[in-house]
Amino acid sequence: MKNYLLPYKKLTLIISLIFMSSLVLAQNTVSGKITDAMDGSPLIGATIYITELNTGTITDFDGNYSFSFKDGTYTMKASFAGYTGQTVEITVSGDQSLTQDFVLVSGVGLDEVVITASSTFRSQKQAPLSISSLRMKQITKLNANSQADILRSIPGITAEGGGGETATNLFVRGLPSGGQYTFNPLQYDGLPLMTTFGLNSSAHDVYARPDIGFKGVEFVRGGAAILYGAGSAAGIINYISKTGDTNPGNMINLEWADQGRLKLDFYSGGTLGGENSNTYYAITGFMRYDEGPYDTGIPTRGGQLRANIKKVFDKGSFTVHGQFINDRAQFLMPLPLEGGSRERLDGNDGDPVTQLMTGELSNTSFLTAGGVYESPIEDGVYTKGGYALGEFEYDLADDLKFNAKARLANYKHSFALYVGGNGANGGNPTTLDRYVETVAPDNTGFSANYHGLSGDINGSDLVVDNLHVDRIRPMTDYSGEASITKNISTESGSHNITLGTFIGRSEADDLNFQYRVVSEWNNNPRLVDISYLDSIGQNVIYSQGGIYNRLGQTSNRYLRQNRAAFYITDEIIANKWRFDVGFRYERTTGEFSDGNIVETTVYDNPELSADLANVSFADGSFVRAGIDASSWAVSLAALYELSNTTNLYANFSRGYFFPQLRGFVPIATGVTNSDYSPETIVQGEAGVKFGNDKLSGSIAAYYVTLQDRISIVNSFVNGRLEQVRRNEQNTATFGLEATWDYKLIDGLNLRGSFTFQGHEITKNIQEDLINGTSETANEGNELARQPNVLGFLGLYLDKNNFDAFATVNYTGAKFTSDDNTIELDPISIVRLGAGYTIDLDSERGESFRLGFSVFNLLDSQGITEGNPRALVEGEGEFFFGRPILPRRIFFTGTLNF
């Protein structure tokens, strides 16, 4: 990596010196205060934006700000989340000191400043691309417990959260993926939680959780999202942390929910040192214990701690962020449902079966050739580790700014994937008698009991065959970005030219262990031990501790990938026009080490079946191969201020996506199973943004194409979950998006979004990785798991210390797979919530809010996905799918002091 980074460093230095030759010292000062029109309270963290300089600052503890200017006339705009912005024009000259205060009125609009995918401060209305944002205050009232809960309201996004808190499946604007965060990285404070996705398939959200220490989240789609930082042609999800200078104070949020949930969030921020100190702190985190939403006998439990310290200089700041997480979250998988109605099936005890995970598998262990293997199944999705991030901002001059970030992350991580009903001997519930007849057709008799018990199981009791996969996936990630931005004023406007570079390295292990289990057909089921007499009368132990096949290790892979990028952008203001142009070049290299697996006999009990006696393990040998690829991106965007309330915009981008390295398995030293080439994504978008005191929103049309998409399909081979198919696809999507926020009366708003998208597979070559054959399939079909229609509608009340909301998310019909044989019905999720705030000391901002919310108010049983691990899906007596999570009631108490 050192060789191809060196030219970028030299070029950055040369251009920096050119920029610095034009430094001119400021002569004039403008300062003032931003306050709330209703009660006169200071607005802490409000933004002052200077149009001609395309830059800005934020207010301090007391709502004060200060700015220095050269002589001239400037447009200043004050904005704050949930308030209507205010704009004034000032003229300064000759060492003048001017006071300019702003009084903002609560209202609607697109005036909130965003920072993602931009080198300058600008509002959503001024950005020539699609941007959505949510403040943490909204998320807290929602009692959002997964990324799906947070992102469902954003147009163009299909968010599936049926698995629980982690591993949310996201699909953006018709781009084909298996879900998770394939095309849209999850970022904290401008850098991704993992630089390279696809080394081990773990989703970004397993490494961190949202907490009340964030200001909020921004989601930028298309356009310049490909240029900055890690880059993403589809979009960037960026959480922005609170810091002690902009968010002083303390907050405690206690959350209780039915089915055994208790969670405590906290935040504290302020000054370190004396009254005149310019060093600030912020510390936040959570602890929670949760036995729901279904009782698996293995609760979700753990916590996270994040903090930052910020040092403010006269011309900049330096901030150090840190995170530590030690968390275990249960993950829910699809299961057999009734065919036709797709409703839950009753268990042996008469109750509907909601999941098949069982606490009885806790502390499972067995012998391997490498020693005793201890399964972490009771940990669920387990993550322990953290990151350290340094962020430096410095104004070399009024018109020259330097920014740099660097991040190191290291996590111990495992993902317990209990695939209930995916057994080798039929995945659907069947009677014990029929099950034994299937697995041992020549038996002359059998005995069975629930593990640890005896004599209480009947041949007519239903049992089910299951697979468990332990994905052991530690990860280390390094990333950094540096940029320098030069502002050049012209008679009609300005240029903001940014030169930047991004580097990253990801190291991930992909170790899999598997075993198969037979259990009763019930919630939190008991395990079944079975023995039978074979055709010659010898006793065979079929299952022991519920396990009937100790598969052992099935994967021993180590993957490393480097990225290095250079980009240059120009954000141009010319009278009523705004233009964004940019170019990015990136190179990636990587290495894939695939370890060999062998099966050996490790148990010598002659009564054990071969599947229990023989266990697979790595033999220490590897086949290794590397990849090396590069690509480029360009983005062009324009926005025209048609009037004070309406802006027209359009953007075009040609981007790329480096395929997931785990799909390019070495088949010989230095040789992968196919050529590693970047995927190409082309997007175009045009729309209108509008906003006044009553109504704000946007309407846009977009077109997205993707070429040479590589995807891997995992399915079952000889009882093991393996990579069995490799698809090479081209796709095309046309879509329409609309958002709105309408003030019905003071304090009562109607908000919503609507998306229509038509998507098609225009090319699809399927390669059978087992048999080595290829064929064309599914061309002309719609993409799997992506609906044509998405919608969100919400009524929000916030007045006289009382707040309430009622929302509905609609996900239209969609197909479970690319073959379009099974279509899932539309889903509607209704949420309801309310709260009342008691002012304890309004001057000091002290208050207490008591609230509640209900997720899935109507207790919908809609299906989010079918069986993505089945090569051919069908529906007869049974249907395999994952319903949305059940109705759940939350109560919260929030103390600000």
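Hi everyone. Before I show you anything, one definition: a nonpolar patch here is made of residues with over 30% relative accessible area and no salt bridge, with their nonpolar side chains joined within 5 Å. Please also keep in mind that this is a predicted model.

Let's begin with the whole protein. Its secondary structure comes to 5 helices and 55 strands. The radius of gyration is 29 Å, close to the 29 Å that the globule rule gives for 897 residues, so the protein is as compact as a globular protein of that length.

Now, the inside. Of the 897 residues, 60% count as buried. Take the contacts between residues at least 6 apart in sequence: 69% of these join residues at least 24 apart.

On to the outside. The accessible surface of the protein comes to about 33,600 Å², and 54% of that belongs to carbon and sulfur atoms.

So which residues form the nonpolar patch on the surface? They are Leu254, Trp256, Leu262, Ile889 and Phe891, and together they have about 460 Å² of accessible area. Two elements give two or more residues each to this patch: strand S19, running 249-257, and strand S55, running 888-896.

Let me finish with one member, Trp256, which you can find in strand S19. Is Trp256 buried or partly exposed? Trp256 is partly exposed, because its relative accessible area is 43%, and partly exposed covers the range between under 20% for buried and over 50% for exposed.

Terms used:
Residues numbered from 1 in each chain as written. Predicted model: local features only at pLDDT ≥ 70, side-chain atom pairs only at ≥ 80, totals over all residues. Heavy atoms only, no water. Patch = residues over 30% accessible without salt bridge, like charges linked within 9 Å, V, L, I, M, F, W, Y side chains within 5 Å. Areas by Shrake-Rupley, 256 points an atom, 1.4 Å probe, with all protein chains shown as cover. Salt bridge = Lys/Arg side-chain N within 4 Å of Asp/Glu carboxyl O. Helix = DSSP H or I, 4+ residues; strand = E, 2+ residues; numbered from the N terminus. Buried < 20%, exposed > 50% of the residue type's maximum accessible area, 1.4 Å probe, protein only. Rg over C-alpha atoms; globule rule 2.2 N^0.38 Å. Contact = heavy atoms within 4.5 Å.
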